[in-house]
Amino acid sequence: MRSVIIKLIKLCGVLTFLVLLVIYLCNFLVEKKAADKVYTSVNEIPVNKVGLVLGTSKYLVGGQVNLYYKYRIDAAAELYKSRKIAYIIVSGDNGTKEYNEPSRFKNDLIKAGIPEDKIFLDYAGFRTLDSVVRVKEIFGQTSVTIVSQQFHNERAIYLANYFGIKAIGFNAKGVSSKYGLKVQLREYLARVKVFVDIVLNVQPKFLGKPIEVK
């Protein structure tokens, strides 16, 4: 019985090591691909016609404003006002009438000084893969500036490259480790899922009719 327990412990150890190795490798590959494609300075980032803002909820469970959301608004407005992008596509979840990420972003972008006719909404950006593929297949963009926090930009850039999109990222301000710990831990698993989705040839939940950005 003791030998069986020892073998099980060893097996668990090996499996744990393999899981951690896979997580590490996925994280390494994503970061390496995006290393020279993410920017924190609006003065250094190249010009693109379109900025793709990746959606998130405006409010947290407790009712306070989500800082990830707030900082993405700030970053998109900064890019536009610096003439580094001419249009903004907001891609987010609008799974129900009550939950509409793109419209909330639009309203706050207008408050931040972005003209309404420069903002396009993608209501079917249920996850990053959907947002990235749809910016090409629906909005016709093969070159884009992605706007989110750095960890999210890196993953989106990897996906964009795989789907034939020339993408760079403008990093919205990050949040403290304590505030965003859950999100940052979840990101490691999200990066593993990037490769699972690629292997399984996962496609967006919805596509639809083309929308011209002009």
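Where is the place of N27? Select N27: this residue sits in helix α1, helices being DSSP runs of H or I with at least four residues and strands runs of E with at least two, numbered from the N terminus. The model is predicted, so local features need pLDDT of at least 70 and side-chain atom pairs count only at pLDDT 80 or more, while totals for chains, interfaces and linings use all residues. Residues are numbered from 1 along each chain as its sequence is written, and side-chain values use heavy atoms, with hydrogens and water left out.

N27 counts as buried because its relative accessibility is 14%; buried means under 20% relative accessible area, exposed over 50%, and partly exposed in between (1.4 Å probe, protein chains only).

L8 counts as partly exposed, at 48% relative accessibility.

Next, select R127. A salt bridge (a side-chain nitrogen of Lys or Arg within 4 Å of a carboxyl oxygen of Asp or Glu) joins R127 to D130, with the closest N and O atoms 3.4 Å apart. R127 is partly exposed at 31% relative accessibility, whereas D130 is buried at 2%. R127 also forms a salt bridge with D197, at 2.9 Å from N to O. R127 lies in the loop between β4 (119–122) and α4 and D197 in helix α6, so this pair ties together parts that are 70 residues apart in sequence.

From D197, which is buried at 6%, go to K193: the two form a salt bridge with the closest N and O atoms 3.0 Å apart. They are 4 residues apart in α6, about one helical turn. K193 is partly exposed at 41%.

Now move to α2 (residues 67–81). Its 15 residues should span 21 Å at 1.5 Å a residue, and its end C-alpha atoms are 21 Å apart, which agrees; the expected span is 1.5 Å times one less than the number of residues. Its buried residues include Y68, R72 and L79. Just after α2, R83 has a positive phi of about 60°.
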